Amino acid sequence: MTVIHPVTPAMPIPARRFLCLLGLLLVLGPARAQDAGAPDVLVKNVTLEVVDLITKDKEIQSGSRAKLIQLIDAKVLPHFDFASMTALATGQNWNKATPEQKKRLTEEFKTLLVRTYASALSAYSTQKFDFRPLRAKPTDTDVTVNVRVLQPGAQPVAIDYSMEKTAAGWKVYDVMVGGVSLVANYRTEFTNIVRESGIDGLIKNLQSKNHSLDSAAGAAKK
Amino acid sequence: MSRLARALAVLALAAAAGCATNGDTDPRDPWEPANRAIYRFNEGFDDALLRPVATAYRDTLPEEVRGRVRNFFSNIADLFIGLNNMLQGKFEDGVTDWARFAFNSTFGLLGLHDIASDGGLEKHNEDFGQTFGRWGVGDGPYVVLPILGSSTLRDAVGTGIEIWTDPIGDFRPIEVRNSAVVLRGVNTRADLLDASRILEEAALDKYVFQRDAYLQRRRSLIYDGHPPRDSGDANPR
């Protein structure tokens with residue numbers, strides 16, 4: 001009877017503590033195996049959800065980029081740390097930028113990355129994904145989550161998400177596709193442009209790049 | 001062979017151009033002016049001929065057929081992928097590659113079906129450039145080859161050996177060989193259509209973006225996806 005009503009005043013305190021712990025273990029045990037807070041589970045859940053939504057959405061299937069970007073904004077963006085990505089891509093010049101410049105630079109770079117990500121997703125969403133188990137200690141705060149895109153007749157493409165644990169959960173600060181770090185790949189371009197025309201020049205450059213993609217997408221729809 | 005000779009001639013040309021570089025170039029790319037010229041030529045060639053043909057090829061043939069073409073050439077390539085794994089001392093991978101070739105050439109009907117992958121024998125990515133890299137040969141200067149695109153001095157030598165030893169080169173009669181080479185090229189370009197469009201959208205300076213991606217990619221391939229942490233910056237200046 002004491003097992004069914006564990007928290008009776010008559011029960012000795014050590015037994016109560018034991019049952020309490022047992023209850024906690026029962027609740028946490030199964031949750032740990034599929035811990036929604038783990039970075040690899042997060043990547044898997046978000047990827048599968050987004051791919052599922054893309055394949056089900058008629059507007060996206062018929063080529064609506066606006067709808068696709070909307071979906072990415074809602075589902076994917078919250079898990080990215082764009083300020084870190086922009087800082088890493090800008091390199092040493094980041095420290096020379098004013099807070100206002102940093103904000104605008106991050107905003108423009110984010111727009112460009114989201115667009116690129118949307119293109120990549122619509123091109124590869126029909127492929128199969130292989131989610132690799134995370135090789136990290138539970139105490140690690142900086143991990144790499146490996147996903148592989150399986151494609152017929154070719155070596156699988158590795159997508160590695162570099163993630164950092166923050167107060168707001170795990171955030172992606174770099175994506176490596178086939179061993180190519182997106183953030184590192186922009187560094188030379190950014191450095192060259194800043195050397196020639198300063199941080200403002202880089203912001204302008206990104207702006208005009210984003211505008212030209214906007215008008216290209218508009219022209220393609222007509 | 002004549003293609004090899006041409007590739008070497010271009011290398012010599014690029015080397016000569018390299019003597020005239022100024023001090024403000026990327027140390028990994030001392031021949032940038034010559035490379036950019038060849039890059040522009042390649043872009044023009046791609047715009048005018050290669051991409052339209054590859055697009056028509058992709059839009060005309062169903063994936064079912066293109067997949068067979070891809071598998072056929074991919075199967076032949078497994079022979080040298082296996083050899084390169086052996087040369088790098090990765091005997092288990094090399095045996096896998098040759099087993100893939102044996103299964104796919106027979107039960108896979110001359111490689112048209114990649115039954116080995118279905119059976120769990122995974123495809124690898126190896127070539128002579130990677131083998132030299134594994135042996136400790138550095139990248140050397142970045143080189144843009146005509147038509148073939150991004151390379152380094154080391155990888156260009158590897159590509160030269162690959163062209164020279166290409167099993168397709170032994171196909172006879174000559175018309176069959178030429179058709180096979182063209183078909184392989186068109187199929188490869190068609191598979192890259194999505195990637196090249198994404199590159200176009202992502203890059204601010206396509207030449208620089210493609211160069212840096214190539215150098216990063218090769219480094220990753222040489223270490224089979226696990227390169228040691230970069231000691232220096234991607235851009236050492």
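pLDDT is the predictor's confidence in each residue, from 0 to 100. The model is predicted. In chain B, confidence is lowest in helix α1 (residues 2-18), at a mean of 53. It is highest in strand β1 (residues 142-145) of chain B, at 97. The mean pLDDT of chain B is 86. In this chain, 86% of the residues reach 70 or more.

One covers residues 16-23, with 9 contacts beyond four places in sequence. The other covers residues 231-237, with 8 such contacts. Where pLDDT is low, the predicted coordinates should not be read in detail.

For the complex, the predictor gives an ipTM of 0.75 and a pTM of 0.80. At the interface, 27 residues of chain B are in contact with 25 residues of chain A. On the side of chain B that touches chain A, α3 (63-87), α9 (193-202) and α10 (206-222) each supply at least two residues. α10(B) gives the most, with 9 residues. By class, this side of chain B has 8 nonpolar, 9 polar and 10 charged residues.

Several backbone features fall in loops of chain B. The peptide bond from R172(B) to P173(B) is cis, with omega near 0°. P173(B) lies between α7 (153-165) and α8 (174-191). L110(B), in the loop between α4 (91-106) and α5 (115-118), has a positive phi near 55°. L110(B) counts as partly exposed because it has 13 C-beta neighbours inside 10 Å. I147(B) is not a glycine, yet its phi is positive, at about 65°. I147(B) sits in the loop between β1 and β2 (149-152). With 14 C-beta neighbours inside 10 Å, I147(B) also counts as partly exposed.

How values were computed
Residues are numbered from 1 along each chain as its sequence is written. Chains are lettered from A and ligands numbered from 1 in the order in which they are written. This is a predicted model: local features need pLDDT of at least 70, side-chain atom pairs count only at pLDDT 80 or more; totals for chains, interfaces and linings use all residues. Two residues are in contact if their C-beta atoms, placed from the backbone, lie within 7 Å. Helices (H or I, at least four residues) and strands (E, at least two) are DSSP runs, numbered from the N terminus. Ala, Val, Leu, Ile, Met, Phe, Trp, Tyr, Cys and Pro count as nonpolar, Asp, Glu, Lys and Arg as charged, and the others, Gly among them, as polar. A residue is buried if 20 or more other C-beta atoms lie within 10 Å of its own, exposed if 12 or fewer, and partly exposed in between; C-beta atoms are placed from the backbone.
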